[in-house]
Amino acid sequence: MTCAEATRNIPLYLYQELDFPCEERLETHLDQCPPCREELEKQRAVLRAVESRQWPVDPQLLDACRRELHSRAASVTAERRSLRFRLLDWARSGLPVMWTWRPLAAMALLAVGFFGGRLFDRAAPGFEPALLRVRDLSPSPGGGVRLVLEEVRLRTLTGPVDDDKIKSMLLTAANDPANPGLRARTLDILKDRCRQKDVRHALLHALREDPNPGVRLKAIEGLKPFAREPEIRSVLSQVLLADDNPGVRTMAVDMLVEDMQTEVIGTLQELIPRENNPYIRQKSLNALREVNASLETF
Amino acid sequence: MLTGKGEAATAFIPAAALAEADLIRAAQRGDQAAFESLVRTHDQGVLRLACNLLRSEQDAFDIYQETFLRVYRNLHTFRFDCSFRTWLYRIVTNLCLDHLRKRKVRKEESTTLCTSGGEVDRASVLPAENPHVDPQRNLMSQELRGRIERVLDDLTPRERLVFEMRHFHGMRLRAIGESLGTTEEAAKNCLFRATQKMRTALGDFL
Ligand SMILES: [Zn+2]
């Protein structure tokens with residue numbers, strides 16, 4: 001290896017990026033050549049000097065980045081949500097897309113939802129006449145038609161709300177895409193049991209995801225007694241920034257400023273420039289003034 | 001969302017307990033908690049790269065947001081045919097390169113370096129520039145510091161990027177090449193040119 005080749009290989013050697021034979025030849029050369037050894041040390045010193053100018057990452061900056069990303073990702077989710085529900089409307093219009101992936105039990109609940117008013121005041125369990133749905137048809141020999149029917153039987157179930165089976169049915173009904181009225185009434189029943197983790201989760205889920213503002217209002221109402229809990233507060237902040245319904249946002253802001261914590265300040269500062277509802281704006285401004293926080297983020 | 005129970009269940013699994021591949025799959029299904037855990041495993045590196053390359057916390061902040069929002073929007077297209085880190089660095093390096101190129105053009109057009117402009121609402125969430133004073137930096141003479149800044153400015157965006165990733169992030173040249181959509185050999189040449197320029201600028205000073 002010549003001195004010129006050695007010099008060229010030194011940086012890669014320092015980064016341990018030379019292949020083995022090449023490294024061997026360089027080391028042999030370095031052993032015999034004091035000027036190249038000097039060059040090696042020189043280059044090492046150069047890299048060390050450059051290293052010392054590295055900017056350390058400020059933990060506050062990292063934190064600011066994470067918080068901002070959290071709220072931006074939430075608004076991406078909100079955009080997706082509206083798209084998703086447009087698809088859902090299409091599915092609801094009777095196209096068979098839903099049936100390909102929804103389990104049979106959920107299908108039954110769709111039917112129950114349809115007759116939901118009767119569900120809880122039936123005295124004894126029994127069978128209702130079947131619901132029929134034509135799934136397919138084809139011509140049959142002799143000029144007739146051959147139908148493939150889907151039958152859904154209705155059954156009533158009566159029992160205490162805390163019964164496991166009833167409760168799990170209720171949790172499913174809280175997500176029934178076809179019937180917002182049923183979802184709202186279900187949450188109304190469930191909301192008194194918000195202490196239970198799965199119920200609370202259903203309420204949080206509805207508050208974030210339900211396309212119907214009436215249902216979201218029921219959900220947020222149910223969460224009111226727990227407005228001091230961090231998990232709930234973080235959802236409330238997201239809702240305040242992302243929900244398009246002023247009623248829901250009003251409840252969210254009321255619940256958040258009730259117990260003014262530092263994390264609320266950032267949310268309110270972000271909210272004010274874009275909030276067009278006078279009550280919510282005023283409430284936010286007052287809350288910020290009370291803690292002497294700046295009113296806007298710029 | 002319609003299968004409420006299934007989705008609800010994932011939120012109760014401690015995210016840290018899941019292996020990265022599981023986290024990615026969960027995030028691909030729309031689990032935001034999983035997405036955020038994924039972010040937290042990699043975001044310090046991303047921010048450090050952006051800070052060092054762009055030397056501006058404002059710009060680094062923007063790159064951070066843009067990088068992870070792209071990840072969020074496009075995660076469903078990730079097919080596990082390279083490591084997640086490589087995929088992520090492909091996104092962040094492209095954004096940084098664009099940024100450096102634009103800045104270079106701006107710099108050539110006028111001598112004053114302007115900030116990105118547009119949105120100006122982040123001033124209060126961002127700490128002031130140069131928040132930490134590195135003790136080593138104090139020891140270094142003004143002159144040497146000036147030279148280092150100048151030589152880093154003289155590197156092409158690509159040379160800067162390869163140098164940062166190899167030197168400060170310890171990434172192998174092969175992985176760097178993969179992230180930049182080029183070969184290991186090309187990355188090697190970039191690194192070589194970068195170190196040459198530094199050697200020339202600083203060698204007689206040290
Ligand atoms: Zn030699």
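Predicted model: local features only at pLDDT ≥ 70, side-chain atom pairs only at ≥ 80, totals over all residues.
Salt bridges, then. How many are there over all chains? The count comes to 30. I'll walk through a few in chain A.

Start inside a helix. Arg67(A) pairs with Asp63(A), and their closest N and O atoms are 3.5 Å apart. Both residues sit in helix H4 of chain A, residues 59–92. They are 4 residues apart, about one turn of the helix. Buried or exposed? Arg67(A) has 47% relative accessibility, so it counts as partly exposed. Asp63(A) comes in at 39%, so it is partly exposed as well.

Next, a pair that bridges loops. Asp162(A) and Arg193(A) form a salt bridge at 2.9 Å, N to O. This one links distant parts of the chain, 31 residues apart. Where are the two ends? Asp162(A) is in the loop between strand E2 (144–152) and helix H8 (164–173) of chain A. Arg193(A) is in the loop between helix H9 (180–190) and helix H10 (197–209) of chain A. On accessibility, Asp162(A) is partly exposed at 43%. Arg193(A) has 22%; buried requires under 20%, so Arg193(A) counts as partly exposed.

Third pair. Glu221(A) meets Lys191(A) at 4.0 Å, N to O. The cut-off is within 4 Å. Which partner is buried? Lys191(A), with a relative accessible area of 18%. Glu221(A) is partly exposed, at 35%.

There is also a network. Arg228(A), Arg233(A), Asp259(A) and Glu263(A) are joined into one by salt bridges that share partners.

Now chain B, and confidence. Mean pLDDT is 77 for chain B, and 74% of its residues reach 70 or more.

Two stretches need flagging. Over residues 1–17 of chain B, pLDDT is below 50. That stretch has 21 contacts in the model beyond near neighbours in sequence. Over residues 111–133 of chain B, pLDDT stays under 50 too. There the model has 38 contacts beyond four places in sequence.

Key:
Residues numbered from 1 in each chain as written. Chains lettered and ligands numbered in written order. Heavy atoms only, no water. Salt bridge = Lys/Arg side-chain N within 4 Å of Asp/Glu carboxyl O. Helix = DSSP H or I, 4+ residues; strand = E, 2+ residues; numbered from the N terminus. Buried < 20%, exposed > 50% of the residue type's maximum accessible area, 1.4 Å probe, protein only. pLDDT = per-residue confidence, 0-100. Contact = heavy atoms within 4.5 Å.
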